[in-house]
Amino acid sequence: MADYQPLKGQKALVTGASSGIGAAVAKALAGAGAAVVVNYVGNPASARQVVSEIHSANGVAVALEADVSQETQVLAMFDAARREFGTLDILVNNAGIQRDSAFTQMTLDQWNQVIATNLTGYFLCAREAAREFLRRGVVPSVSKAAGKIICMSSVHQVIPWAGHVNYAASKGGIMMFMESIAQELAPHRIRVNSIAPGAIKTPINRAAWETPEAEAKLLELIPYGRVGLPEDIARAAVWLASDESDYVVGTTLFVDGGMCLYPGFATGG
Ligand code: NAI
Ligand code: BGC
């Protein structure tokens with residue numbers, strides 16, 4: 001575990017934490033001192049691997065399965081988390097999927113799957129977390145806030161994305177979802193914020209970076225000249241979950257190597 005432990009004594013739940021950004025966030029929160037629920041769906045071996053890496057670093061973690069789009073499973077997961085850790089201080093709404101298709105070919109199933117996971121899943125988990133934060137209130141020896149919710153959005157909450165209309169709509173929806181609950185919950189000392197990653201090397205976008213040709217094409221969209229890593233996002237999550245960001249409420253932190261800076265205009269326009 002790291003010497004600097006801004007989350008010591010706190011309990012966190014990270015959805016979709018058996019791979020990619022979620023796995024890195026779970027490990028970083030644990031490294032910062034939090035006990036972590038590693039949520040997963042359908043891939044117990046990967047979730048166990050994340051838990052065992054946290055244990056090897058002297059951290060505290062447990063894996064809990066739940067499909068975040070299913071209300072009964074979400075309620076059962078939050079009950080189990082409370083049984084394990086007593087309460088919850090931090091939720092990272094991270095589970096997300098892409099089901100890409102040209103708009104006129106997109107099926108209702110592709111649309112519904114993405115909205116169910118990326119948007120309804122965030123609603124169900126944030127609601128349960130907020131209920132627990134309100135029940136318990138602020139514990140000054142633990143954190144200045146009664147709780148923190150971090151939503152993993154995307155640069156596609158503002159950058160339109162042809163061929164990915166369901167996904168971009170879900171991320172645009174997350175922006176208003178996050179800001180609206182941030183406004184509603186702030187008087188109760190609950191801080192809600194988002195992180196909007198740019199292109200990060202994970203399984204969700206493997207085709208965009210796994211060959212040198214694909215990576216070179218992707219880099220044309222990234223002024224900073226490298227594709228992001230899950231750890232770039234994990235560090236931002238630790239900060240947003242900690243009291244270091246205590247006055248940060250209802251904000252989206254873009255962690256994107258400059259992807260939102262209209263790189264095409266560096267030489268055009
Ligand atoms: P990933 O595919 O490695 O992670 C997504 C995780 O969500 C997987 O572990 C998957 O099992 C889990 N998941 C999917 N449906 C679920 C459900 N119904 N219930 C519970 N878990 C479920 O991809 P990545 O990149 O780590 O994605 C994490 C989040 O980051 C997503 O919300 C994604 O939209 C977002 N993001 C990713 C970017 C990237 O470039 N990799 C950029 C911007 C945002
Ligand atoms: C998507 C990735 C994509 C990145 C940048 C993310 O939201 O999930 O597939 O590489 O945005 O476009």
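Visitor: How far is a polar side-chain atom of Thr202 from an oxygen atom of ligand 1?

Guide: The distance is 2.6 Å, between a polar side-chain atom of Thr202 and an oxygen atom of ligand 1, where a polar contact means a pair of N or O atoms within 3.5 Å; within protein, one must be able to donate a hydrogen and the other to accept it, and residues adjacent in sequence count only if both atoms are side-chain atoms. This is a predicted model, in which local features need pLDDT of at least 70, side-chain atom pairs count only at pLDDT 80 or more, and totals for chains, interfaces and linings use all residues. Residues are numbered from 1 along each chain as its sequence is written, chains are lettered from A and ligands numbered from 1 in the order in which they are written, and side-chain values use heavy atoms, with hydrogens and water left out.

Visitor: What else lies by an oxygen atom of ligand 1?

Guide: A backbone N or O atom of Ile21 lies 2.8 Å from an oxygen atom of ligand 1, and an N or O atom in the side chain of Asn205 is 3.1 Å from an oxygen atom of this ligand.

Visitor: And how many residues surround ligand 1?

Guide: There are 29 (a residue counts if one of its heavy atoms lies within 4 Å), and the closest are Ser19, Ile21, Asn94, Tyr167 and Thr202.

Visitor: Switching over, which residues surround ligand 2?

Guide: Ligand 2 is surrounded by Gln98, Ser154, His156, Trp161, Tyr167, Gly198, Ala199, Ile204, Asn205 and Met259.

Visitor: Which side chains have a polar atom by an oxygen atom of ligand 2?

Guide: Among them are Gln98, with a polar side-chain atom 2.6 Å from an oxygen atom of ligand 2, His156, where the distance is 2.7 Å, and Asn205, where it is 3.2 Å. Taken alone, ligand 2 exposes 310 Å², of which the protein buries 90% (areas come from the Shrake-Rupley method with a 1.4 Å probe; for residues, only the protein chains shown count as cover).

Visitor: Which lining residues are closest to the centre of the largest pocket?

Guide: About 1,300 Å³ of space lies in the largest pocket, a volume being the space filled by probe spheres set on the grid points, which are joined across faces, edges and corners. Of its 50 lining residues, the closest to the centre are Gln98, Tyr167, Thr202, Ile204 and Asn205.

Terms used:
On a 1 Å grid over the protein atoms alone, a cavity is a set of points where a 1.4 Å probe fits but cannot get out, and a pocket is an open set with protein on both sides within 12 Å along at least five of seven lines; lining residues have an atom within 4 Å of a point.
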